[in-house]
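Here is a friendly tour of one protein model, written to be read with the viewer open. Please load the structure and keep the sequence at hand.

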Amino acid sequence: MIKRLLTASAIATIMAFNANAAETIKIGVAMGFTGPIESLTPGMAASAELAMKEVTESGLLLGGATVQPVRADTTCIDAAAATAAAERLVTSEGIVAMVGAACSGATTAVLQNVAMPRGLLMISPSSTSPALSTIEDNGLFFRTAPSDARQGEVLAELLIERGIKTAALTYTNNDYGRGLANSIQSNFEKLGGRITLSASHEDGKGDYTAEVGALASAGGEVLIVAGYLDRGGRGVISSALDTGAFETFALPDGMIGQSLPDAIGAGLNGSWGLAPGSDSPGGSQFEALATAANITVGPYTWQSYDAAALIMLAMQAAGTTDSAVVKTKIMDIANGTGEEIYPGELAKGLRILAEGGSINYVGASDVRFVEPGEHAGSYALYEVRDGKLEVVGHR
C-alpha cells in the first residue's frame, strides 16, 4: 500500500512538472502605440517580442513554458488610459510581468495604480524621467534606459564641445519634458553655457508661432527641443524653420527617429542629438537578429529586447513567475559575474541558470545597472545628413 502511494505521488509530481512545462506565460507589452512617439513603438514592441520568441523556441524556460506577449496601448501621455490598459492586462489577460510603459508619465501611472497594488514586475525600455529614480516602487520597477539626469549631462557636454555658448530650450509640458529640461539647463550652465529661455509647449496644437516667437526673441545659437518627434516637438521645429527663427536644433531622445527628418525635410540637415545606445558587440548582434525578423531598428529597440530578456532570465533564476521573487533576481542577472550573454544567446543563459550557474547579461545595449535598477547610461550620437538620421559616434 505504501509503495502504491509513493508511486501515485511520483506520478502526480511528474504530471505537475509536465503541466508546468506546457504552461503559457503571458508578459505584457505596454507602450504608446498611439500618441507622440507612435512611430517608434512598433519596432520597440517587436524587439521585446523577438526575445520572447527566442526563449519560447529554446524550450528551456521553467521546464518548457511558452511565452506569449500581450500588447496594450498606454498612449504615452494619458495617465488614465495607461492605467486602464495595464489593468486590463492583469485582470483580463493574466500577465505576470510587463515590458513598459514607454513614456515616463504613463509608466508612473501604471506603477502607482497597477504594478504596486498588484505586485507586478515591470521593466521600461524608454522611460527616462529623473523622478523615476526615487519613486516608491517596492522593488518592482526597473528600466533599461538611463535617467535624463545623465542625458542632460551628455547633451550639455556636446553643446560645449560644438562651441555653443547660448541656446534656447523648449520642452513638452509633462514629467519627461520638465525633468529633462532642468537637467539640460543646470548642466549646461555648470559648464559655462547660458539658456536664454526655457519654455514649455503643449502637444497636439496646430500652431506654435507664439512659442517660437518668444524663443526667437530670447535668442540663442541653437534651439534645444526636448519634446516628441510625432507631436509638439515636430510642430515647434516646423514653425521655427518657416519663420527663420532657428536653423539648427539639438535633439534629445524623444526627438530621435527617422519620421522626423522624413516630415521636416532638408531644413533639418545639420541638426544633431542623442538617444540611449552603445557600440557594444551585442548591439550589432541584435541588429542582425532584428533585421532578419524584418524589424525596423531604431531608438529603444535594443533596450526593449533587453527588458524582455531580463524578465525571462530572472524568472529562470527564480524558478517561478512570481514577481515577488523574480524582482530579487534582476540585479543579479544584469550585473552578474558569470558568463556574458548577448542577443541570440538567451538559450545559453537559460541553460546555465537551470544548472545553478550565474550569468552576466550584457545584451543589446551593454546592460549595466546602477541603483535603484536603471541603466548606467551610454548614448548613441546622431546627426541628420541628407535627410537621414545617422549614428556618428557614442558617448
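## Ground rules

Two strands count as paired if DSSP finds at least two bridges between them. Strands themselves are DSSP runs of E with at least two residues, helices are runs of H or I with at least four residues, and both are numbered from the N terminus.

The model is a predicted one, in which local features need pLDDT of at least 70 and side-chain atom pairs count only at pLDDT 80 or more, while totals for chains, interfaces and linings use all residues. Residues are numbered from 1 along each chain as its sequence is written, and side-chain values use heavy atoms, with hydrogens and water left out.

## The sheet and its edges

An open sheet of seven strands runs in the order β7-β6-β8-β9-β10-β15-β16, with mixed pairing. Each of β7 and β16 has a single partner strand and stands at an edge, so one side of each is left without a neighbour in the sheet. Neighbouring strands here are turned by 25° against each other on average, direction ignored; the axes behind such angles are lines fitted to C-alpha atoms, for helices over the stretch in contact, and angles run from 0 to 180 degrees between N-to-C directions.

## Strand β6 and its two partners

Is β6 mostly covered or mostly open? Strand β6, residues 166-172, is mostly covered, as seven of its seven residues are buried (buried means under 20% relative accessible area, exposed over 50%, and partly exposed in between, with a 1.4 Å probe and protein chains only). Thr166, Ala168, Thr170 and Thr172 point one way from β6, Ala167, Leu169 and Tyr171 point the other way, and all are buried.

With β7 (residues 194-201), β6 pairs in the parallel sense over six bridges. Leu169 faces Ser198 of β7, and Tyr171 stands opposite Ser200 in that strand. With β8 (residues 222-226), β6 also pairs in the parallel sense, over five bridges, and here Ala168 stands opposite Leu223.

## The largest pocket

Rolling a probe the size of a water molecule over the atoms shows where empty space is left. On a 1 Å grid over the protein atoms alone, a cavity is a set of points where a 1.4 Å probe fits but cannot get out, whereas a pocket is an open set with protein on both sides within 12 Å along at least five of seven lines; lining residues have an atom within 4 Å of a point. Grid points are joined across faces, edges and corners, and a volume is the space filled by probe spheres set on the points.

The largest pocket holds about 450 Å³ of space. Among its 27 lining residues, Gln258, Thr296, Val297, Gly298 and Pro299 are the closest to its centre. At least two lining residues come from each of α2 (41-58), α11 (301-318), β15 (379-385) and β16 (388-394), and β16 gives the most, with five residues. The lining divides into 12 nonpolar, 11 polar and four charged residues (Ala, Val, Leu, Ile, Met, Phe, Trp, Tyr, Cys and Pro count as nonpolar, Asp, Glu, Lys and Arg as charged, and the others, Gly among them, as polar).

## One cavity

How many cavities of 30 Å³ or more are there? The count comes to one, and the space in the largest cavity is about 120 Å³. Its lining includes Ile37, Cys103, Ser104, Tyr176, Asp253 and Tyr300. By type, the lining residues are seven nonpolar, four polar and one charged.

## Backbone details worth a look

Most residues other than glycine have a negative phi, and most peptide bonds are trans. Tyr300, one of the residues lining the largest cavity, has a positive phi of about 70° although it is not a glycine. Tyr300 lies in the loop between α10 and α11 and counts as buried because its relative accessibility is 4%. Asn294, found in the loop between α10 (281-292) and α11, has a positive phi near 60°, but at 71% relative accessibility Asn294 counts as exposed.

Two cis peptide bonds can be visited next. Gly100 and Ala101 are joined by a cis bond with omega of about -5°, and Ala101 sits in the loop between β3 (97-100) and α4. The bond from Glu371 to Pro372 is cis too, with omega near 10°; Pro372 lies in the loop between β13 (369-370) and β14 (374-375).
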